[in-house]
Amino acid sequence: MLLSMLAGALTGLLTGAGIGGGSLLLLYMTVFQKVPQLEAQGINLLYFLAATPPSLYFHIRAHRVETKGAAIAALCGAATCLAGCWAAGAIDAAWLQKGLGTVLLFIGCKELLAKEKQAANENTAA
């Protein structure tokens, strides 16, 4: 129970900062709590419904949101969400887990390489 509360608080902080705590919450639920993939995805969606309004309020208030781009992204995201929901119901949960793991691994490697490249560029510029 305490570990779940800490995981929720940590992912809430990350989500509020715009880092994407939902992905970490999904990993926590499936790997450590053994929640089935589709159930974890549903919980993650409910989590975002609760986490988004306060995060968005503070980011808009601090002038960190470009509203036109955000509106376009929200419309495109809502439309493709329907396709994603359909696909999640049509695909075996094991494949969903493998797909999520592959995507997260790819993104993690990309971020690590980008930071190394950025650090190298900063060292040569200095």
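Trainee: How much space lies in the second largest pocket?
Mentor: About 250 Å³ of space lies in the second largest pocket. A pocket is an open set of points on a 1 Å grid over the protein atoms alone, where a 1.4 Å probe fits and protein lies on both sides within 12 Å along at least five of seven lines; lining residues have an atom within 4 Å of a point. The volume is the space filled by probe spheres set on the points, which are joined across faces, edges and corners.

Trainee: Which residues are the closest to its centre?
Mentor: Of the 13 residues that line the second largest pocket, Gln-41, Leu-45, Gly-84, Cys-85 and Ala-88 are the closest to its centre. Helix 3 and helix 4 are the elements that give two or more residues to this lining. Helices are DSSP runs (H or I, at least four residues), numbered from the N terminus.

Trainee: What kind of model is this?
Mentor: It is a predicted model, in which local features need pLDDT of at least 70 and side-chain atom pairs count only at pLDDT 80 or more, while totals for chains, interfaces and linings use all residues. Residues are numbered from 1 along each chain as its sequence is written, and side-chain values use heavy atoms, with hydrogens and water left out.

Trainee: What is the volume of the largest pocket?
Mentor: The largest pocket has a volume of about 480 Å³. Its lining has 13 residues, and Phe-48, Thr-52, Pro-53, Leu-56 and Ala-74 lie nearest its centre. Helix 3 and helix 4 (67-90) are the elements that give two or more residues to this lining.

Trainee: Which helix gives the most to the lining of the largest pocket?
Mentor: Helix 3 gives the most, with 8 residues.

Trainee: A new topic: where does His-59 lie, and is His-59 buried or exposed?
Mentor: His-59 lies in helix 3. His-59 counts as buried because its relative accessible area is 18%, and buried means under 20%, exposed over 50% and partly exposed in between, with a 1.4 Å probe and protein chains only.

Trainee: Which residues is His-59 in contact with?
Mentor: Leaving aside neighbours within four places in sequence, His-59 is in contact (heavy atoms within 4.5 Å) with Gly-16, Ala-17, Gly-18, Arg-64 and Val-65.

Trainee: And what is the relative accessible area of Ile-107?
Mentor: Ile-107 has a relative accessible area of 42%, so Ile-107 is partly exposed. Ile-107 belongs to helix 5 (residues 93-125).
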